Amino acid sequence: MFRLIIFIICVLPFFSFSQTAITGSVKDESSNLYSVSVILKDSLSKSIIAYTYTDDEGIYQLKTNKTGRFNLVVSSLGYEAKTVPLVLNSEQKNLKIDVVLKEKPMDLDEVIIQAESPISISNDTINFKTKYFTDGTEQTVEDLLRRIPGLQIDSEGTIKVGNQEIEKLMVDGDDLFEKGYKILSKNMPAYPIEEVEVLKNYSNNRLLKGVEESNKVALNLKLDEKSKRIWFGNIETSIGNDSFYQLKGNLMNFGKKNKYYFLTNLNSIGYNATGDIQNLVRPFRINEPASIGDNQSVNALLSLSPPQLNFKKSRTNFNNAELVSLNAIFNPTEKLKIKTLGFFNWDETDFFRNSTDFVDVSGASFTNTEDYQLQNKKRIAFGKLDFIYNFSKTKMLEATTKYNNGDFDDVSNLVFNGNSTLENLQHQNTLFDQKISYSTKFDDKKVFLLTGRFIDEESPQSYSFNEFFYDDLFPASDNANNVSQQSNSQMKFAGINAHLLDRRDKGNLLELQLGNEFREDKLFTTFSVLEDNSIIDQPTGYQNQTKYQVNDLYFKSKYLFKIKDFGFTAKLDAHQLFNRLENNNLSDHQSPFFINPSLGMDWKINGKNKLMTSYSYTTTNAGVLDVFDDFVMTGFRSFTKGTGDFNQLDASSLVFNYQLGNWSDRFFANTFIIYNKNHDFFSTNTQLQQNFAQSEKILIKDREFISINSDLDFYFKSISSNLKLDLGYTKSEFKNIVNSTGLREVTSNNYNYGLELRSGFRGAFNYHAGTKWTTSQIKTTIDNSFTNNVSFLDLSFVFNDKFDVQMQSELYYFGNLETDNTYYFLDFDARYKLIENKLTLGLSAKNLFNTERFRSFSISDIGFSTTEYRLLPRFVLLKMEYRF
Amino acid sequence: MKNISLIFFFFSLTIYCQKTYNGEIIYQDSFKTASNNIISSYTLYFNNNFSFYILNTKAIPIKNNANGTLSSLIPEQSSKKPFYYKELNKENVIFNSKTLLRQYTVNDNALKFNWKIHNDERIIGKHTCRKATTEFRGRKYTAWFTSEIPVDYGPRKFNGLPGLILEIYDEKRIYRAYAKNLKINSGTENFEKLLTDINLSNSITYEEFLSKRCDDAIKFKSLISSKMPRGSGNLKLNKVGSSENLEINSDVCLD
């Protein structure tokens, strides 16, 4: 024992520093074996001490400084592995072990391995298990999605799969927001999410999946079990000079069964918050099965609302808006889903305009000036209830009920040619909308949908104008000093639609629809001439009692098919109409039949060239505003009336599109040509005087419209910037009558040419500059034209992930204005992330040059006008956003 | 005739009389990037001489129908399938790789895997696998290899273990490849013909490739950024690489 200890003490130092080299050759019966694996393992723990492969000569060499008992395992494919036990001690500097391997026939050996995959793909669903992609630094859903392969999230938060924006972002299969999903992705925390699913070729109706033609993409977030009841959200406050402010808040909770979402927005900075939820109120869906009645709404006669400007609307919108929205989804049973949505919106907006109209047509030459101040007050309450019942995997019932109630009070102070006047319009809107849709999938590739819808909408209006300008129209009303009009527009729609979708071999799709849609409009108007508060006349020819019923029995067919690189779409719609019109107790009816065919083709010539073209012929039935018989007042100096008769209007249209290159190529060109011919169209016969215009609809033949538009992109490597050219031309021709001239032809030509240069620099700084000229010309008996220019320069400084600054400047130039024809605007935005994903500070300044008025110039077929708008003054907002 | 005998001569020289065996392993290869080629199926063909890891199909898993999608944006160029070629018992790997603009054949002769072999064992399929770890170009990897298949091959560039790698993943699960299907066969098939499609000679070095990748990324991102409409932010010119590339240490162009 003692000797052993002495031995160990003496030998140990040698042990640690000694190294043994094991060498040898590996052979089979006949020759040296190269690339044979040689592994030195500890004989007990089996751990691998060293390993190598034999060289071309079949020689190997291993080195180790360990001692003890080992196994040398020599193996090669096709040979039986051989294990050589050996003992290494410190004295052994070299050890030679030659090995002879025995052949071992190895026949087909196939092993299939099952394993959990972080990504699994089944048909059109890609499932990502988030634990494989996250590292814990993700805060929001947006951060998480950034880490999911194949998803792109741009600086605005728009989520794209490839370059296609997603349709919706669902939570456990429930969708609250539709296209307004950013509210969710920017605010919901990432940690409860276990899986992310990318749903390709997505269908809003689950039974249509794989049957309808869809290239939509949606995302579904699956929550883990323990995240059942977490409340989260954000709050953003902005405070500025002159009491400009904005307050935004979101609060949500997604339980397994019930989901809640609350939103509020209060602001005075011209921001229209209903835009955020517009998608929830009136989903905008084109060519979606079971979407009958989407385009049915009541037509209001009068409106006192700011005009649509080709200018940022927020600059002229003096507002004070309050919006609250409450949404929830309940899943009381596996098969039943109930969604509710409600919002309340109060808004008070002011709008200011000064305009001068120069009119010069036969029989009338005058100048009107208007100094116009408009105040709109509105209160809107909206509720929506969705009810979805799944009978089985292949049968489903959906019901949607909507109710809207709006109350509007519009007042305008108008100084017309020096006369101070007051316009007052009070109107309401009530809407009840019920839709029921039943879908059944009766074959793997065949779906049948039955949809019914009922809509009842009413819009009464009460209009008064405290001046009487119409002596020439009503010469008998001597003492008249004001006018009023009471009206009620009512619409009832009832429709039923049966829709069959049949997906055939090679992806061809046949769609057949049979339906009947009935619409009844009632338009009652009473126009009164008053002296103070007493009615002195209700002139004949200015009172309407119109009832218009349209019953459309239709059969629609559509076939989509592909031949090599060509795709074709052929459509044929047949309509049998039953129209009934009752004007002031005189009734009439007709039952026209027509067919609307259309044909489309796209051709992928090769990777660089794509061509798309389509032709369609359509017949459209006249609406209620085309058929009433007597005049109605549609503004303080305008009266209009319909034709008093049935009409169907025929039109042909041709669209052509050619793409050269791909968007990402250095050179890319895209050209659109649209040609429209209205074989019949509604025009006007107008009696025009300084104080009023009275026009009636007339039916005219042949109107033409052509539009050619071309975009070109060229990227300059030398300056890392892309040049974009935009060229457009439109020409339209129509005919009308003004002051009994007989038909006069009106031709308008529009040219626009613009160019833009945008940088793609690596550094903090980038620019985007552009300019666009527009030349418009209108030719009739007179010839008016003008050229305007809009230019912009945007500068962006991204100093780091936390701090960035954006500046936007614009210049407007009006060629036909002699003075005050150039306007500058400068906006500024800065953002600083104080705590990543928690607290962000911002500074936002609008209209820094404090431009108070904006004057624009426009032309028409009767003259030209200059219009001046009052703008929101310069304001600076300090913003703070906090997430919880 | 003379040529043929010459070929036979060389052929027998290379092969000696050693029995050749073929292996065909199908791997699911998933890799998180911002672009689209992520979950793919690769096959590792190997024999005693070399291994060849190549994408099975064109398989771009996320296909987009819409026009102008970003996947269609990434220039298709002379898109050859990505492959990795390695000879047995040699460390360097010849592979092809796309930058955002072009495709290159690269000889990565700077590979050095300092594998640490652990005693943990796991059965994959029917093979006993052992755990090995390493740090390679900025990421920490765990590999599971089996010495029952005594070759030093593996997915992509990973190699140099005393047995075939059946699964490998990094700590953050950015990359993962695992064998789904193993076929070991008597060497009837000649994999040499797979090599006729590719050009192993005309390669650039790894360093050259890194700088080209940088240049091309900057050019591409600049091109796309400059085409965005008004008001939209520029594409972020991130670190080329960071989370988008397996090899972080090779990030030389930062923004």
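Reader: What pLDDT does chain A average?

Author: This is a predicted model, in which local features need pLDDT of at least 70 and side-chain atom pairs count only at pLDDT 80 or more, while totals for chains, interfaces and linings use all residues. Residues are numbered from 1 along each chain as its sequence is written, chains are lettered from A and ligands numbered from 1 in the order in which they are written, and side-chain values use heavy atoms, with hydrogens and water left out. The pLDDT is the predictor's confidence in each residue, from 0 to 100. In chain A, 93% of the residues score at least 70, and the average pLDDT is 87.

Reader: Over which residues of chain A does pLDDT stay under 50?

Author: Where pLDDT is low, the predicted coordinates should not be read in detail. The stretch concerned has five contacts (heavy atoms within 4.5 Å) beyond four places in sequence. In chain A, this stretch is residues 10-16.

Reader: What radius of gyration does chain A have?

Author: The radius is taken over C-alpha atoms, and the globule rule is 2.2 Å times the number of residues to the power 0.38. For 884 residues, a compact globule would come near 29 Å. The C-alpha atoms of chain A fill a box of roughly 140 × 60 × 55 Å along the principal axes. The radius of gyration of chain A is 38 Å.

Reader: How many strands does chain A have?

Author: Helices (H or I, at least four residues) and strands (E, at least two) are DSSP runs, numbered from the N terminus. Chain A has five helices, and its strands number 49.

Reader: Why is one side of strand 12 and of strand 14 of chain A left without a neighbour in the sheet?

Author: Strands count as paired if DSSP finds at least two bridges between them. Three strands of chain A form an open, antiparallel sheet in the order 12-13-14. Strand 12 (151-153) and strand 14 (164-165) of chain A stand at the edges, so each has a single partner strand.

Reader: Which residue in strand 14 of chain A stands opposite A:K160?

Author: Strand 13 (residues 159-161) of chain A pairs with strand 14 of chain A in the antiparallel sense, over two bridges. Opposite A:K160, strand 14 of chain A places A:E165.

Reader: In the hairpin of strand 7 and strand 8 of chain B, which residue takes a positive phi?

Author: Strand 7 (residues 116-124) and strand 8 (residues 127-136) of chain B run antiparallel and are joined by six bridges. Two residues lie between the strands of the hairpin, and the positive phi, near 65 degrees, belongs to B:G125.

Reader: Is A:N579 buried or exposed?

Author: A:N579 is found in strand 31 (residues 566-583) of chain A. Its side chain makes a polar contact of 3.2 Å with that of A:N621; such a contact is a pair of N or O atoms within 3.5 Å, where within protein one must be able to donate a hydrogen and the other to accept it, and residues adjacent in sequence count only if both atoms are side-chain atoms. Buried means under 20% relative accessible area, exposed over 50%, and partly exposed in between (1.4 Å probe, protein chains only). Since the relative accessibility of A:N579 is 2%, this residue is buried.

Reader: What is the relative accessible area of A:N585?

Author: A:N585 lies in the loop between strand 31 and strand 32 (586-590) of chain A. Although not a glycine, A:N585 has a positive phi of about 70 degrees. A:N585 is exposed, because its relative accessible area is 70%.
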